[in-house]
Amino acid sequence: MAVYKNIAEFLEFINISNDNFTLFEWKPARSMRRFDLDLNIVKENPITDIFFHKDKGNMKIVYIRKHNLIYTVGASPRVQYQLLEALLEYIDLLFNDFYDIEVILSYSDFSPGIFNGFKESVENTIRDFADLDLVKRILVECRVCNTVLPLFIKKSMIENAESYPVPIVYEHRGHAILCFIDKNFHHRGVELVNISG
Ligand SMILES: [Zn+2]
């Protein structure tokens, strides 16, 4: 629960780029880390409108290419992917609400400094993340761990689903369970699944 309530403490960066340069980047105060290498790898992926996950061991990365932009977030491995997806979806909404990106990028004297004002919105978003009601916390039993685990589900995943229940694989501690979530965010069964990849 703590991770969800204080997501800001677990974030390494949030980046919004196009194929050529960074439009906006947020990092925790005093962070000197740079993520150019990760961002370059992310930009090589041309697929749009699908979330991609990358586990770097000491950091998780989630990214999506949308509206000709690439949104990326890096966080502690303790943050579940669905929380990071929900965060990026919200940031995308806000960013496109604030700015007419296509028009701004078409200016010949455009400089990325124009997006500095977005910092406050991002900081408000991560501070109030738990109050935005973007995710649901569901408890699932894992027969392997023999324990009840919190599984975070972004609401948009259920609300935009084409059929129910919606399957989701929850990978944790070296194994995975397959959970089926119904329209009302109740889980309708949990199975142990085999993993490859
Ligand atoms: Zn388990």
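How many helices and strands does the protein chain have? The protein chain has six helices and ten strands, where helices (H or I, at least four residues) and strands (E, at least two) are DSSP runs numbered from the N terminus. Please keep in mind that this is a predicted model, in which local features need pLDDT of at least 70 and side-chain atom pairs count only at pLDDT 80 or more, while totals for chains, interfaces and linings use all residues. Residues are numbered from 1 along each chain as its sequence is written.

Let me begin with the overall dimensions. The C-alpha trace of the protein chain spans about 60 × 35 × 30 Å along its principal axes. For 197 residues a compact globule would have a radius of gyration near 16 Å, and the 18 Å of the protein chain agrees with that; the radius is taken over C-alpha atoms, and the globule rule is 2.2 Å times the number of residues to the power 0.38.

Turning to the domains, the assignment, which is of an automatic or database kind, gives domain 1 (2-131) and domain 2 (135-193), and their C-alpha centres lie 25 Å apart. Seven residues of domain 1 are in contact with six residues of domain 2, contact meaning that the C-beta atoms, placed from the backbone, lie within 7 Å. On the domain 1 side, helix α3 (residues 81-98) supplies the largest share, five residues.

What, then, about the core? The largest nonpolar core has 36 residues, of which V73, L83, L84, L87 and L88 touch the most other members. Such a core is a set of buried Ala, Val, Leu, Ile, Met, Phe, Trp, Tyr and Cys residues joined through C-beta atoms within 7 Å, a residue being buried if 20 or more other C-beta atoms lie within 10 Å of its own. Here too α3 gives the largest share, seven residues, and because domain 1 and domain 2 both give residues to this core, it lies between them. Leaving aside neighbours within four places in sequence, L88 is in contact with V62, I64, Y71 and V73.

D55 has K60 in β4 as its bridge partner. Four residues lie between β3 and β4, and G57 in the turn has a positive phi of about 85 degrees.

Conventions:
Two residues are in contact if their C-beta atoms, placed from the backbone, lie within 7 Å. A residue is buried if 20 or more other C-beta atoms lie within 10 Å of its own, exposed if 12 or fewer, and partly exposed in between; C-beta atoms are placed from the backbone. Two strands pair if DSSP finds at least two bridges between them.
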